[in-house]
Amino acid sequence: IQKAIEVNQDIYITRYNVAMSDTDYMKFNAKYSPLLNAQGGLSSINNPELLYSESGKKNDTLGASASLSKFFSSGTTVSAGVAHKYSKYDTGYGQNLKINNPEIFASIEQELLKNAFGYSDRKQEKIIKNEVQSQRDAYIYSISMIALDVLTDYWNVVIAQNHLDNSRVMLRETRKVRKIVAERVELGLSEKFEINYWTSLEATSKASVKQAEQNYRNCMRKFFRAINVDKAITLQEKVVLSDKLPSINTEAAIKAAFDKRADYLSAVRSLDNAKLSLQINENYSLPSLKMSMSASSMDYNSDSAGNAYSNTTGMKYYSYEAMLGMSYPLDDTSQKADERNAGYMVEQAKQSLEMTRRVVKDDVTTSIENISTGYELYVDSKEARKQAELYYANMLTTMKRGRVAASSVRDALDSLINSREMELQKLVAYNISLIAFEVSKNELLETYNIDINNYIPKNQ
């Protein structure tokens, strides 16, 4: 599992999906970022003589301004800035003026009813947080499922290795029995055609070994691809399977699943989001009542820039404005539909949560039962294999004494090989049930002491 998380390509891609799961939240918070505006420019105007008395002969102007605005989670918008214009003014009547026109300004706007002091925005932020966390949990859970697929490939190697071992045993024992049959033919105790039969079985066993070797190489190759490694395919890889029965507390396991299962937590958050959405839509039924205030100070001075700024900052020539405005759509059927649907979605989310609760509880309970049943089946198959080994050994000894037919020995050998393969299949199935139990609680990574956060890309 550790190797798969480190190098499996599907998991590698998913790790970046986890890192990007907070994108919507970051985009939502972008509206709270300060906004800087700055601009500058120049202009030059030459007027005809008829306009000298009104606009002068020539006016060259150089201007610049800068402002900073920010929207807060309280629903408040604040902005402030400075501007300055410097003009060279030729009146056309022999008088040239150098005019400084500085200005400072600030404004504030606040919503008082609909989305009052950021009421709806804060709930929308909570909705997005829940969605982001659910998406992150789903991606991490998918990593566990990919790791389980890798384990499945690992177990397929186990089965393929066992099948290869048994094929070799079948070949070895077939040769042993053929040799015994040949000795009996020489002694006149068996017919010659029995040699042909066992020679045929030996050839079939050789073919089975070759096929088993290729199947094992194929399984190993697929497993190495899953863990993204390049190495020579050999028949010496070792595998480890558990044959111990753990002690399990069913109630504690179900509680752990409710605390950690991605699907259950997502259903809880979906209900929370549905309730928040209903509150938002109820708030949207209110009128929009906005209060705004603005103030500014400026000077238009031909004496000096110093005097102009002194008068401006001293608020010698100021202006201010306060406004209160309301808007309210009458019979807003769109808002009514949204509010109605939000109420229905709360009921749907409640039912979905109860369904998910039942699914999670049943999954955990079934997983625990599968562990118990799987272990019993493994123990029974292990005993069956032991008895098959004793039966075959006794049959072989009896055949050497000429007291049993070779065909009966073949049946005993088939029974032995089948019991060996069945034992491993039951052991693998038991191990699958152990891992499925961890997955049912979403504790697979925790069980193997893997902190997935250590593998999630961080912001550079």
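This is a predicted model: local features need pLDDT of at least 70, side-chain atom pairs count only at pLDDT 80 or more; totals for chains, interfaces and linings use all residues.
A residue is called buried when its relative accessible area is under 20%, exposed when that value is over 50%, and partly exposed in between. Tyr378, by contrast, has a relative accessible area of 6% and is buried. These two tyrosines form an aromatic pair whose ring centres lie 6.5 Å from each other, and the angle of 55 degrees between the ring planes makes the pair tilted. Both residues belong to helix α10, which spans residues 333–400, and because they are 3 residues apart in this helix, about one helical turn separates them.

Another pair, formed by Tyr32 and Phe71, is stacked, with 5.8 Å from centre to centre and 5 degrees between the planes. Tyr32 is located in the loop between α3 (23–29) and β1 (35–46), whereas Phe71 is located in strand β2 (residues 58–71), so this pair ties together parts of the chain that are 39 residues apart in sequence. With a relative accessible area of 11%, Tyr32 is buried. Ring pairs also bring in Phe28, so that Phe28, Tyr32 and Phe71 are linked into a cluster.

Charged side chains are also found over aromatic rings. Lys70 lies over the face of Phe72, at a distance of 5.1 Å from the ring centre, and Arg357 lies over the face of Phe258, at 5.2 Å from the centre of that ring.

At the level of the whole protein chain, the secondary structure comes to 12 helices and 6 strands. The radius of gyration is 41 Å, which is well over the 23 Å that the globule rule gives for 460 residues, and the chain is therefore more spread out than a compact globule. Along the principal axes, the C-alpha atoms fill a box of roughly 145 × 50 × 35 Å. Of the 460 residues in the chain, 36% are buried, and the chain exposes about 27,000 Å², of which carbon and sulfur atoms supply 53%. When contacts between residues at least 6 apart in sequence are considered, 77% of them join residues that are at least 24 apart.

Key
Residues are numbered from 1 along each chain as its sequence is written. Side-chain values use heavy atoms; hydrogens and water are left out. Rings of Phe, Tyr and Trp (its six-membered ring) pair if their centres lie within 6.5 Å; planes under 30 degrees apart count as stacked, over 60 as edge-to-face and the rest as tilted. Helices (H or I, at least four residues) and strands (E, at least two) are DSSP runs, numbered from the N terminus. Buried means under 20% relative accessible area, exposed over 50%, partly exposed in between (1.4 Å probe, protein chains only). A charge sits over a ring if NZ of Lys or CZ of Arg is within 6 Å of the ring centre and within 35 degrees of the ring normal. The radius of gyration is taken over C-alpha atoms; the globule rule is 2.2 Å times the number of residues to the power 0.38. Contact means heavy atoms within 4.5 Å. Accessible areas come from the Shrake-Rupley method with a 1.4 Å probe; for residues, only the protein chains shown count as cover.
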